[in-house]
Amino acid sequence: MARLLVIVHAPSPNTKRLFEAVLAGAHESAIDIVARSPFEAGPDDVLAADGIMLGTTENLGYMSGALKDFFDRSYYPCLEQTQGRPYCLFIRAGHDGTGTRRGVETIVTGLRWRAVQEPIILRGDWREDFVQQCHDLGAAMAAGLEAGIF
Ligand SMILES: Cc1cc2nc3c(=O)[nH]c(=O)nc-3n(C[C@H](O)[C@H](O)[C@H](O)COP(=O)(O)O)c2cc1C
């Protein structure tokens, strides 16, 4: 069974809802789902996964320190072995999100992971439809892994 690794930094009630939404969407498919905070996740999780979903807040123009810490610990142990891994990304940003997108894309370009969907940037004041967008992202990622099309 395909395995999806979901790594989300969720420091606020709203971002926790987004984390839960991507998981709920992913659970619509018959795949194995491993959910971690970036502080818990490490290279072994990535090596064991067929696809990766990333989620982070934007803080001070960049991804959360937690997600950066995950990459710092995982980059070299994964570099030679995870090229081509499908991934997707959502960003919760109070007003921007571009610095976070650039930062994550720079790192995953180095890793040669493969974006299977445009990153979602949930920008501005909180909106309830952010939850549905994250649900759909999780559902699409998991359905693609289940079908073996990634
Ligand atoms: C220290 C700090 C720095 C932040 N920096 C940015 C930023 O550079 N760009 C941005 O769009 N939002 C920024 N934000 C807003 C967060 O992205 C936002 O609070 C977070 O996504 C949680 O949103 P929520 O209140 O809807 O849960 C910052 C928030 C904090 C606490």
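Me: Where in this predicted model is E20 placed?
Reply: E20 sits in helix α1, which covers residues 13-26.

Me: Why is E20 called partly exposed?
Reply: E20 has 17 other C-beta atoms within 10 Å. A buried residue needs 20 or more and an exposed one has 12 or fewer, so E20 counts as partly exposed.

Me: How far apart are E20 and L137 in sequence and in space?
Reply: The two are 117 residues apart in sequence, and their C-alpha atoms are 12 Å apart in space.

Me: What describes the packing of two helices?
Reply: The angle between their axes and the distance between the axes describe it. For α1 and helix α5 (residues 129-147), the axes come within 6 Å and cross at roughly 35 degrees. The crossing of α1 past α5 is right-handed.

Me: Which residues of α1 and α5 meet?
Reply: Among them are R17, L18 and A21 in α1, and F130, V131 and L137 in α5. By class, this contact has 13 nonpolar, three polar and two charged residues.

Me: How do you know that the span of helix α3 agrees with its number of residues?
Reply: Helix α3 (residues 65-79) has 15 residues, which at 1.5 Å a residue should span 21 Å. The end C-alpha atoms of α3 are 20 Å apart, so the two values agree.

Me: Where does α3 bend?
Reply: The bend is at R73, by about 35 degrees, and a proline, P77, follows within four residues.

Me: Which residues of α3 are buried, and what covers them?
Reply: A66, L67, F70, F71, S74 and C78 are the buried residues of α3. Their cover includes β1 (3-8), α2 (43-47), β3 (51-59), β4 (62-63) and α4 (98-111).

How values were computed:
Residues are numbered from 1 along each chain as its sequence is written. This is a predicted model: local features need pLDDT of at least 70, side-chain atom pairs count only at pLDDT 80 or more; totals for chains, interfaces and linings use all residues. Helices (H or I, at least four residues) and strands (E, at least two) are DSSP runs, numbered from the N terminus. Axes are lines fitted to C-alpha atoms, for helices over the stretch in contact, and angles run from 0 to 180 degrees between N-to-C directions. A crossing is left-handed if the near helix is turned anticlockwise from the far one by less than a right angle, and right-handed if clockwise. Two residues are in contact if their C-beta atoms, placed from the backbone, lie within 7 Å. Ala, Val, Leu, Ile, Met, Phe, Trp, Tyr, Cys and Pro count as nonpolar, Asp, Glu, Lys and Arg as charged, and the others, Gly among them, as polar. The expected span of a helix is 1.5 Å times one less than its number of residues. The bend at a residue is the angle between axes fitted to the seven residues ending there and the seven starting there.
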